[in-house]
Each structure stands twice: as C-alpha cells, then as structure tokens.
Amino acid sequence: MNRELKRVSIVVMLMFGALLTSTSIVQAFQADNLSADPRNTRTLYDSYQVERGAILVAGDPIAQSMPVDDDFKFLRTYTNPELYAPITGYIPINGEPTGLEFALNAELTGTSNSQFFDKISALVTGQEPKGAAVEVTIDTVAQQAAWDALGEYTGSVVVTEPATGRILAMVSKPSFNPNLLTVHNNAEVTTSYEALLADENAPLINRAINSLNPPGSIFKLVVTTAALESGSYTPESTFPNVAVYTAPGTTSKIENSSGGTCGAGDTVTLATALRLSCNVPFAELGVELGDTAIRETAEKFGFNGTYSIPMTVTESNYPRGLDDPQTAQSAFGQYDVRTTPLQMAMVSAAIANGGIVMAPNLVQEILAPNLSAIETFEPTELGRVMSEETAATLTAMMINGVQDGAASNARIDGVDVAGKTGTAQNGSTDPFTLWFTGFAPANDPQYAITVLIENGGGMGQTGFGNLLAAPVAQKVLEAVLNK
Amino acid sequence: MRSLSRASALEARPANEPVRRLHLPQKLRNLELFLLLIACFINASSVVLVQLGALGELDPTLVLLGTGLSVLVISLHVVLRFVARDADPFILPIATVLNGVGIAMIYRIDIADAQSGWASAAVRQTVWSALAIFSAIVVLLVIRNHRVLFRYTYIAGLVGVVLLFLPLVPGLGQEISGARVWIRVGSFGTFQPGEIAKIALAVFFAGYLVRNRDSLSMVGRKFLGARFPRFRDLGPILVVWALSMSVIIFQRDLGTALLYFGLFLVMLYLATGRLSWVIMGMGLFLGGAVVASQTLNYVNGRFTNWLDALNPAVYDADGGSFQLVQGLFGLAKGGLLGTGWGQGRPELTPVPQSDYIIASLGEELGLAGIFAILALYLLFVARGFRIGFAGQDDFGKLLAVGLAFVVALQCFIVIGGVTRVIPLTGLTTPFLAAGGSSLVANWIIAALLLRLSDTVRNQPRLVV
C-alpha cells in the first residue's frame, strides 16, 4: 500500500503546489491590474481614507475634504464651484476624477513618490496621513473678471503670464457644479452626471484645453510669423489686392470678409492685410510659403503636440500634406486647422515674450501638510519660435490692429493692447466661432489673453470677433491692469 | 496512577493493554505543549491586533472567550497525556492555531458589520469551537483503539448516507443560497450533517475496502495496459458515484459531491493499487459533471464564472462572478504582506467569514499569511499520511490517509475555487471558516488522527 500512498502524497503536493501558485499569481502578479479595475471599490475607499489635500487659489481652498460621518470619512467640497470647475474638476465616488483632481491624484492623496518620506515619518510620529495641497497659478481678479466678461456666451477665456507660462485665468462656460458629483450617493451622482452629459452645451467640457475650433483669422499670426521668419517677407511686402482669389488647381473662390478688396490700391502690404484681417492676401501668402513652412512654425508654437498643465491639453492640429487650395484655406485658419484657446494663448504669449514659447502651467506649488513646499514649478521654455525682431515687428502690427484695425473693440485708454480677432466658419450654415487673442501692455506684456466664443455668441452667422470677443478681452485686461 | 512510575506501570500491565515500547517519558507531549503555547499566543495576539486595528481599543469580551478556548485545548493536551501519550505532537497545535486565526478573522468581520452578542459569528464560532474540542476529547476517551471502528463499518456507512440525505427531509432541511445541505437544530442555528457524514463515510470506505480489496484488485481483464475489474465488481463505485450525483442534483452542492467522490477514489486506489479504478472513477465523475453543467443551471453558472470571471456581463449577472471577483480584489489588496489585522476591507466580499475566509485572510495577512496557512494545512495532512506510512494494519492506514486526504481535498476545492484553479463550489475551509458542523467534524478528524498516531507508535516493533 505504501507505493500507492507515495503516489497519493505526490498528488497532494501537486494540489498544494497549485494553490501556492494560484495565490501567488493573484496576490503578486495580477495585484496591480486587479487594483486598477474600476469595479474595485477597495481602491476607491482607500483613496478616501486619507484626508485629500486641498486645491488652493491664493491660499484659499477651492476644493477641500470636509470630515463627514460615513464610510468615505471625507466629503469633497468645492468653493465657488462653477467658477473653478474647469480647474478643479471633480472626484466622484463611482467614477474617474477629472481636472486637477485627476491629474494630481497621487499628490492630493499623498501617494506620489515625492511624498514617500513624509509617509514614513507620519508612520513613525503617528500622525494621520494627509495628502498634499496644491496651490494653483490662478489670479482671482483675472479669473473673476474673465467669468464676468464672458457673460452668457458659450466659450472660454484663458489668461497667461507671457514670461512664465503661468495660467492666470481659465474659464469655461457654461460651467457646472462639481459638488453635485461628489455626494456620497451613487444614484444621485449618476442622475446629476447624466443630466450634465445630456446638456447640449456640454458643460462638462473644459473648453480652454479640450475644445477644438477652427481658429479663423487669429491663425494669421502664425502665418505672419512664418512669413517674417522666412526672411523673404517684411510687413511692407505686397500682394495683389483682388476681391476674389482662386488658388492654383481649384475653382473655389476665396473672398475677404468685407466682400471687397483689402483697402484701396492695386497691392496691399502684409501689415495692412493683418491689420484689416483680409483673407485674400493671406491665401496668396500661404500658397507662396507652402504648407510645410506654415506647419513647422505652427508646430514650434505647440500645434500637433500635446502637453500637460498637468491636465492633458487636447492636441491642436495643423494638418500635413496639404495641396495649394487647402493651404490657401488654412492660411486664414480654416480648412482642417483646429485649435484650443490655450494653444492660441501660447501663440500670443510667445509673441509677447520676445519669441520664446513658455510651457503653460496651472500649478504653482505642491505643499506638504505642514505647508512646506514639496515641489515648486519653475517656468519652462519650450523653445524659440521667432527672433526678437520678428516678435517686435509682429507686436507693432498687432497694436495697429487694435488701434486702427479689425480688433478695435479691445482698445483700452492709456495702454497699448496688441491683438487679433478671428471669425471662423463652421460649414455653410452653422454659427461662427469668434476669437480674440492678444496681450497687454504691449510695451511690457504682463497678460496674454485668448477669448473663444462658440456657437456664434448666439448671433448665428452675423456676429464677428471684434463685435463679441474683443470686448470680453478688453474688460478682462482692464480689470487686471487696474488691479 | 500510571504517571507515578513508568516502570511499575509496565510490570503491572493489565492483560488488555498493548505492550509498550520503552521510551523517554512524555517527550512528545512536552513538545506538543510548547507548540500549543505558541499557538495560543498567536491566537491571542491575533484577536488583540484585530481589536487594535479595527476598533482602536481593547475589548476584553473576546479575550476572555479566547482564554476559555486556550484552557480547553490545554485540557485536550492533558487528556492526551493520559490516554494517547504517544500521539503526534503537531496535530493539536496546528488545529488550534487554524481555529484561532479563523475566529480572529470572523471577529474582525463582525466588527466591520457591527455585530455583537449572540448575533456575532465570532461568539458563536467560539462556542462551537468549545463544543468541537469537547467532542474531540470525548472521541479520544471513548475510542481507545481505532480497530473498534472496524466493527461498525456498515453502521458507519448507513449513518453516513442518512446524514448526507437528512437535509432533503421536508421540514428539517434548510436551503441557503441555493444549496440544500443544512438542517435546522432548534434555535441553535443550522447544522450541516454532510460534514459529519464525511467521517462516517471514511470509516465505512476503509472498513469496506479492507474487507473486499481482494475481489476488487485481483480479478479482471487487462485492457490498454491496465487491469479493469469485472462488471459485477463495479457495484460499489457505481453506488458512490450515484450518491455523489444525487448530491449534485438534489442538494445542488457540487463541492460536497466532489469531496466524497474524491475521497472514495483515493481510498479505493490505496486499497487496490489499481490505477484503472481512478481512471474509471474520474471518467464517471467528469462525465456526470459535464452532463450536469449542460443541464443544471447552477453548475453551468459556476463554470462560466470560473472561466470568464472578469467579463462585465458575467460579473453583473444574477449569481454571477461578483463574489469571486470581489474576493480577487481583496487578495490583490493584500499583496505580499497584507494590510494587517483589521486594516483591510474583507467585508466587501459576500460571506467573507465562511467560504471566503481565505480571501479575507489573504487581504489582511497577505501572500505571506496564506503561505503560512497552506503550510500548516500541508503539515497537518502530512502527519496524517505519516500514520498511513508507519501503520501496520490496513484499516488504520486507510482511515488515517482517508481522513487526512479529505482535509487536503477540502482545502483544494475551496481555496482553489477562490483563486480560480477550479470552479468555485461552496465548502468550508477546515478549522478556519465559520460553521459549527465543520468545526466539530474537523476536530473529530484531529482526534481520530491523534488516536491513530498513538496506536501506530505503540505497536510492538517487529524486527524483520
């Protein structure tokens, strides 16, 4: 019988071997995947066990965790919720967080690598573990002014500091109340979320960084940069001043928005074309420059790339491989050119900053529970897109556009504003997309601003950038300059 | 009187006592006592750590109950000093530590569910443990020689079958989460007679096979390199197979059926040495299981849950893989070292204190803790097999190995189910899981193994 017994022993060893293997697989090798499974409520509850750090604007919390007496221990509460929703995002109990709540989740929960030693010391000293607080770069005056100035429009305002890339205001409208999505009741959260999702104005979208629109005439800044940087053009370079232009290889016609020529005369200078925002000369210029030169300049500004502020910014596009008619359309920001307001703010900021593009950034500091800085964000250069001379030339051209051109409604008494308006078409019958981008004071740029108004600002195809977007920018700039 | 002097005891040996081998007095028992004290210390610290981890303070109630339990196992140890002084020294400490760790985890889940008093599963488990250890003492005192059991082979078989089918008696049986394997015992709660049945059946199988092994192993014709039995010798295996299948069909309990059939097959193989029996048996059971999975919804569901657990449709389905996946989440949360007692969330998994206690322990004690528990089980089973190797009467050998194997198989079925080695079927984890009948049955198994191991060591050694 002992021979059989030996064999049965081997079978028992194999059975236990299988159990040792299976538990190792689950607990060691699959553990990370299983923890990341969205159905894993343990991971979710864990993230609520530590007091999540606050998100601060000028030292005041716009998002903080309030102690409550339930399973989650803390209720995430947002102050001035609609104003700051595009910045904070929200962290629901039954889904993925968004905004900074998502982008800085590890820091806010205290699980980032840089907080490792704090965790150890908390373990030793017996302190309750606590997440880090995040101080954002937002300027309360700029944010509030942008919110007020945008009024009831569907759109966005982005204000940055040209020299550093710090984002001083980021407004998206319509907004929503994140507090509705953080209540500790699955059904309530789902109802609120479904309602927001069903809203045709898409309040959950942060238009500043996640909404793509054709830039229209504000893209002429990129084309002008490409032209001046090529060395073959100056502001005084001239183009045939015709009312209708037909690009080589097509029969479709391009006209100026006025319907006539670009001012008087047989030829028109680049400076005038930009000041009056004429399409025909830019179409001609675009075809002469070629799509590659324009695309390379656009890419230096940040097009066709993504970056994190630390939220991920949707990639703005200047397409590859365009033929002449497409290049002609693209030269005044139509065809398939698409951009976010933040990308255009980077264009203005780069011109204001003497040609150097700064990485846009929303986070000033990450603060440990004892308020010591764990991480401070320093300005980062993304690269030089144009020479200082080109930047100065472009600035002068943009000042003219505001003082005596198509962007006149952005004028502020006593301060030079550099700016460019845009009115982009979305198909033949859809409402226009209205833009303004610029900076002030032009001689010492402190603020770069981009205003986006979607859906024609409620005026269908009758509104235009200078009528609706420029005044918004003017109000915001006035508010921050009078601070 | 015996403890007064070994020498005088030897001289004055009554005629009915077996010849004793000379050896160092009580060396094994002292080792057992030492290990037992360690086990009791582990149990007490587990409860204290649970309280510190989950309550943040010390609550004396369960500590008192735990002390009572320690007193009981030490009484069992004292009984062994008198009636089975050469019994295996590892079995009792292993059973004690598994039982205690189980109570600590059940207590921990009670805290999460805010249960106390008689509603607390931990309190009931402690009372059941006391009863189970007391049963073990009774078994050791009553059965002084395991060969007594040989006389009751057929009675044991009858008792086993009756116990097995008791839950089907109308008015007595109780259906819980689909399976009908419980009976209601007054206000005391439910009892799973099938747990006791496995001991009765092990005794029956051992006795029956020792009596009939010759006709089962010698006769038959050779086919494909293995000797297959005559048709008329197929009776017993067909009967046990039919028994298992009826458990699957009427009691809707796949795990129990697999346990009994596996036990029978292994004992049959041990008794006859014929691999053909195992091949035939596995064929029969697999055939039955395949047919059952096609025709019985609950069996089919178990297979789907096993193979496609993480599929959202399976996960959300009624009777789907929700529990299985929650258990996996718990284990994953535990990782290598676990969250520590009272620091995890085992209560998120359905029935975390019974079928899923191993996932709960895996969450709080980690892979390290599970390995330790598996090692304890393996050691327990190995001690049983050791009796089988050393034993000299076939009945004792078969019984010891059968009882040890039933513990091993039960671990494999339930832990394998939780960790997706095999489809999940409801069974209790021996000694650990909440459940009175299971505790009583496993402590009786421990008592029988202690008795058998004592007999083995006491047999006069023949020099060959």
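This is a predicted model: local features need pLDDT of at least 70, side-chain atom pairs count only at pLDDT 80 or more; totals for chains, interfaces and linings use all residues.
Which residue is the bridge partner of A:Gly155 in strand 17 of chain A? In this structure, the partner of A:Gly155 is A:Ile453.

Good morning. Residues are numbered from 1 along each chain as its sequence is written, and chains are lettered from A and ligands numbered from 1 in the order in which they are written.

Let me begin with confidence. The predictor assigns the complex an ipTM of 0.89 and a pTM of 0.64. For chain B, the average pLDDT, the predictor's confidence in each residue from 0 to 100, is 84, and 88% of the residues score at least 70. Residues 1-10 of chain B stay under 50, and the model has 3 contacts for them beyond four places in sequence. Two residues are in contact if their C-beta atoms, placed from the backbone, lie within 7 Å.

Next, the two chains in outline. Helices (H or I, at least four residues) and strands (E, at least two) are DSSP runs, numbered from the N terminus. Chain A has 18 helices and 17 strands, and chain B has 17 helices and 5 strands. A residue is buried if 20 or more other C-beta atoms lie within 10 Å of its own, exposed if 12 or fewer, and partly exposed in between, with C-beta atoms placed from the backbone. Of the 483 residues of chain A, 52% count as buried; of the 464 residues of chain B, 52% do.

I return now to the opening pair. Two strands pair if DSSP finds at least two bridges between them. Strand 5 (residues 155-160) and strand 17 (residues 447-453) of chain A are antiparallel partners over 6 bridges. They belong to an open sheet of 5 strands in chain A, in the order 6-5-17-16-15, with antiparallel pairing. Strand 6 (167-173) and strand 15 (418-424) of chain A are at the edges with a single partner strand each, so one side of each has no neighbour in the sheet. On average, neighbouring strands of this sheet are turned by 5° against each other, direction ignored. For such angles, axes are lines fitted to C-alpha atoms, for helices over the stretch in contact, and angles run from 0 to 180 degrees between N-to-C directions.

Which strands does helix 16 of chain A lie across? Helix 16 lies across strand 5, strand 16 (433-440) and strand 17 of chain A, and runs at about 150° to strand 17. This helix, residues 341-352 of chain A, has 12 residues and reaches 16 Å from its first C-alpha to its last, close to the 16 Å expected at 1.5 Å a residue. That expected span is 1.5 Å times one less than the number of residues. In helix 16 of chain A, 12 of the 12 residues are buried, including A:Met344, A:Val347 and A:Ile351. The helix is followed by A:Gly354, which has a positive phi near 70°.

Between strand 6 and helix 9 (186-198) of chain A lies A:Pro174, and the peptide bond to it from A:Lys173 is cis, with omega near -5°. A:Pro441 is in the loop between strand 16 and strand 17 of chain A; a cis peptide bond, with omega about -20°, joins it to A:Ala440. The loop between strand 17 and helix 18 (465-481) of chain A contains A:Asn455, which has a positive phi of about 65° although it is not a glycine.

Elsewhere in chain A, strand 2 (residues 60-67) pairs in the antiparallel sense with strand 1 (residues 55-57) over 3 bridges. Strand 2 of chain A also pairs in the antiparallel sense with strand 3 (residues 74-78), over 5 bridges. A:Ala63 is the bridge partner of A:Ile55 and of A:Tyr78.

Finally, how do the chains meet? In the model, 28 residues of chain A are in contact with 39 residues of chain B. Helix 1 (2-29), helix 2 (31-36) and helix 3 (41-49) of chain A each supply at least two residues of the side that touches chain B. Helix 1 of chain A gives the most, with 17 residues.
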